[in-house]
Amino acid sequence: MTNPFGFEDYFPSMMERLGAEGFMRELCNGFCMLMDVSIGLITYESLKRNTMNLGLNDLRDDELICMLAEGDLDGDGALNQMEFCILMFRLSPGLMDGSKKYMDDLGLIDIRP
């Protein structure tokens, strides 16, 4: 899977260093940094405001809209925490390659021979 946003994929090394639970905590922390605290979702406005606060001013409005659309599974125009985490996994080829192992580490699936 190609990465449409051009981010460097540090997630596999983070997963190795933090473990599955620690990595998921960091993803949740990232979600909290980007969300609109009044509604608990990442909206276009909260994404624009918080990416500027993080020094990512070079992201264009159409790129922000595309990011939201890419992850918006329920069609409400915003990302909830689960949609955000799924999007982050989808954008990381390294995590997608090892996703069964990582999900097993988190206890989300039971892989049996």
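Analyst: A residue counts as buried when its relative accessible area is under 20%, as exposed when that area is over 50%, and as partly exposed in between, using a 1.4 Å probe and protein chains only. In this structure, which is a predicted model, local features need a pLDDT of at least 70 and side-chain atom pairs count only at pLDDT 80 or more, whereas totals for chains, interfaces and linings use all residues. Residues are numbered from 1 along each chain as its sequence is written, and side-chain values use heavy atoms, with hydrogens and water left out.

User: What percentage of the residues of the protein count as buried, and what is its mean pLDDT?

Analyst: Of the 113 residues of the protein, 34% are buried. As for pLDDT, the predictor's confidence in each residue on a scale from 0 to 100, the protein has a mean of 80, with 73% of its residues reaching 70 or more.

User: How many helices and how many strands does the protein have?

Analyst: Helices (H or I, at least four residues) and strands (E, at least two) are DSSP runs, numbered from the N terminus. By this reading the protein has six helices and zero strands.

User: How many aromatic pairs does the structure hold, and which parts of the chain does the pair of phenylalanine 23 and phenylalanine 89 tie together?

Analyst: Rings of Phe, Tyr and Trp (its six-membered ring) pair if their centres lie within 6.5 Å, and the planes make the pair stacked when under 30 degrees apart, edge-to-face when over 60, and tilted otherwise. The structure holds two such pairs. Phenylalanine 23 and phenylalanine 89 form an edge-to-face pair, at 6.1 Å centre to centre and 80 degrees between the planes. Because phenylalanine 23 lies in helix H1 (residues 11-34) and phenylalanine 89 in helix H4 (residues 81-90), this pair ties together parts that are 66 residues apart in sequence. Phenylalanine 23 is buried at a relative accessible area of 0%, and phenylalanine 89 is buried at 12%.

User: Why is the pair of phenylalanine 31 and phenylalanine 84 called tilted?

Analyst: Their ring centres are 5.8 Å apart and their planes stand at 55 degrees, so the pair is tilted. This pair also links distant parts of the chain, with phenylalanine 31 in helix H1 and phenylalanine 84 in helix H4, 53 residues apart. Phenylalanine 31 and phenylalanine 84 are both buried.

User: What is the nearest side chain of opposite charge to aspartate 36, and where does aspartate 36 lie?

Analyst: A salt bridge needs a side-chain nitrogen of Lys or Arg within 4 Å of a carboxyl oxygen of Asp or Glu; Lys and Arg count as positive, Asp and Glu as negative, and His and the chain ends are not counted. Aspartate 36, in the loop between H1 and helix H2 (44-53), is buried yet has no salt bridge, the nearest side chain of opposite charge being arginine 49 at 4.9 Å. Leaving aside neighbours within four places in sequence, aspartate 36 is in contact (heavy atoms within 4.5 Å) with Leu41, Thr43, Ser46 and Arg49.

User: Which residues does asparagine 50 touch?

Analyst: Asparagine 50, in helix H2, is buried at a relative accessible area of 12%. Not counting residues up to four places away in sequence, asparagine 50 touches Met33, Leu34 and Met35.
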